[in-house]
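Student: I would like a close look at a single part of this model, followed by its surroundings in the rest of the chain. Please keep it plain.

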Amino acid sequence: MRFQVFKWVLAFLLISSSQQVNAQCGSSSSVNRWQWPTGDNWFMGDGVFANFPGGTGGITFSSINTNNSERIAYEGTATISDNAGNLLYYSNGRKLWKADNTLVYSGLLAGNEGGASPGNPGGTTTSAVQGVLFVKHPSNSDLMYIFTTDDALTATTNGLNYWTLTLSSGVVAGPTRLGTYRTTEQLDATLHSNGTDIWIATRESGFNSKANFQNIYSYLITASGINATPVISSVAPSVQSSTFNKDWERGALKFSWDGTRTVTVNDIAGWDDYNDAIVVYDFNASTGAFSSAKSVAGIFGQYTWTGSTYQAAYDAEFAPDSKGLYVSFTPNGKLIWLDASLTTSAAIYNSIQTVSTVAANSGDIKLGGDGKLYQATMSNTLNVFSGNLNTGTAISKTTLALPTGRTSGRAFSNMFIPKAGGAIALCSGGKAQLNAAGAVSYVWSPSTGLSATNIANPIATPS
């Protein structure tokens, strides 16, 4: 791959600095996304942390032993770690803490079913599968975005909201709501095709109108911030049932690791819509558009469903090759594999293999830095799957005990935090924000490719 290196030098007062931009196409990190050290730590259940040392090491556990009852997580959580894998912040979707367990903010708006979820009598934790998501600003390594969604059952609508978190100071600003619509519990992120900007995606609720359930919203984060005007793809399958069941909004939206496809899985158990419990899409990382929706949880014959129907899906995770796909279900936690790269619904459906039929309960599934697939169980153990994850073959299942007396809850942590620092990588024609602070005046040189030369944070656009 050919690339050019551009370096802008900053001089101010008695301090000098420089920032390098590599103008090339590709990911902002050469490390596999599931092994980013910024995602080394997961927060779950009764104050439990999982860690993958060095990003790829075998999983280890620790737990909070002070005021643990205040720091519980039922479903979606998120963490922020630094480039060395050290935990910085964590959240259960309603509150935000520093790694030393200091409460930073308690006004996050992830849906929480009014506190009705197990282990959550006070409504202090989210009850949405992907209720909270941490996303790093594309070029400012000290700035983080926090996104939250609604949950399936609460009638109150908060919608899609975001806050900014300044890592160095712990200052939280927000919320800012994006749009006026109600969301499902689905929320994920992936890189733009330029390798720098980031797409955020969520699905609209069918609570007010079942037709809205067809809409998937994509928002772009650039060096300038969040573009509040979404790309709306009305391509999700239409609801055939005469009524919409709000339970169907439980579930996850997951991007493949290479950003070329997406899946939505939902707790759909209605006879008319069985097949829409798992839907595979193509994703255009340049435009943010979803297309080619393929419903694969069932095949309808002339008069009725033929073969098995894989209804009531809960979570999904792509295999390392971005083709294989794993799906978990409610309430029995069954796990299946399918080939999401196939071009028709029937072909994908026919590729389905059952990987596991025994689990304590439905739970999130997540690829760990050690290359194994983990499943939350709501019990004192995690299910661990290893083998040829790309093809779903030769898979072995083991269980792994959590710290004594602790449980996992239903979900692992949800974050998109590319490694920060060093050179900024972007495609030709892309842009990046340079960063400086602490001076009265600034002078950047050379001026070519810069939006300004006399401010702290100019936008660089290499040729």
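Where is Asn101 found?

Tutor: Asn101 sits in the loop between strand 8 (96-98) and strand 9 (103-105); helices (H or I, at least four residues) and strands (E, at least two) are DSSP runs, numbered from the N terminus. This is a predicted model, in which local features need a pLDDT of at least 70 and side-chain atom pairs count only at pLDDT 80 or more, while totals for chains, interfaces and linings use all residues. Residues are numbered from 1 along each chain as its sequence is written, and side-chain values use heavy atoms, with hydrogens and water left out.

Asn101 has a positive phi of about 75 degrees, yet it is not a glycine. Most residues other than glycine have a negative phi, and most peptide bonds are trans. With a relative accessible area of 21%, Asn101 is partly exposed; buried means under 20% relative accessible area, exposed over 50%, and partly exposed in between (1.4 Å probe, protein chains only).

Met378 also has a positive phi, about 70 degrees, without being a glycine. Its place is the loop between strand 30 (373-375) and strand 31 (381-388), and its relative accessibility of 26% makes it partly exposed.

The peptide bonds have exceptions too. Gly174 and Pro175 are joined by a cis peptide bond with omega about 10 degrees, and Pro175 lies in strand 13 (residues 171-178). A cis bond also joins Ser445 and Pro446, with omega about -5 degrees. Pro446 belongs to the loop between strand 36 (443-445) and strand 37 (459-460).

Now the chain as a whole. It has one helix and 37 strands, and buried residues make up 57% of its 463 residues. Of the contacts (heavy atoms within 4.5 Å) between residues at least 6 apart in sequence, 56% join residues at least 24 apart.

The chain averages 88, and 86% of the residues score at least 70. Over residues 11-29 the pLDDT is below 50, and this stretch has 68 contacts in the model beyond near neighbours in sequence. Residues 116-122 are also below 50 in pLDDT, with nine contacts counted in that way. Where pLDDT is low, the predicted coordinates should not be read in detail.

Next come the charges. Lys and Arg count as positive and Asp and Glu as negative; His and the chain ends are not counted. A salt bridge is a side-chain nitrogen of Lys or Arg within 4 Å of a carboxyl oxygen of Asp or Glu. The whole structure has six salt bridges. One of them joins Asp247 and Arg250 (3.2 Å, N to O). Asp247 is partly exposed at 27% relative accessible area, whereas Arg250 is buried at 19%. Arg250 also forms a salt bridge with Asp267, with the closest N and O atoms 3.7 Å apart. That pair links distant parts of the chain, 17 residues apart: Asp267 is in the loop between strand 20 and strand 21 (278-284), and Arg250 in the loop between strand 18 (231-234) and strand 19 (251-255). Asp267 is buried, at 14%.

Lys254 and Glu317 form a salt bridge at 3.5 Å, N to O. Lys254 lies in strand 19 and Glu317 in strand 25 (residues 313-318), so the pair ties together parts 63 residues apart in sequence. Lys254 is buried at 11%, and Glu317 is buried at 5%. Salt bridges with shared partners join Glu113, Asp247, Arg250 and Asp267 into one network.

Two charged residues lack such a partner. Arg261, in strand 20 (residues 261-266), is buried yet has no salt bridge; Asp258, the nearest side chain of opposite charge, is 4.6 Å away. A polar atom of the Arg261 side chain does lie 2.7 Å from the backbone oxygen of Ser322. Lys366, in strand 29 (residues 365-367), is likewise buried with no salt bridge, and Glu317 is its nearest side chain of opposite charge at 5.3 Å. The Lys366 side chain reaches the backbone oxygen of Ser413 at 3.0 Å. A polar contact is a pair of N or O atoms within 3.5 Å; within protein, one must be able to donate a hydrogen and the other to accept it, and residues adjacent in sequence count only if both atoms are side-chain atoms.

Conventions:
pLDDT is the predictor's confidence in each residue, from 0 to 100.
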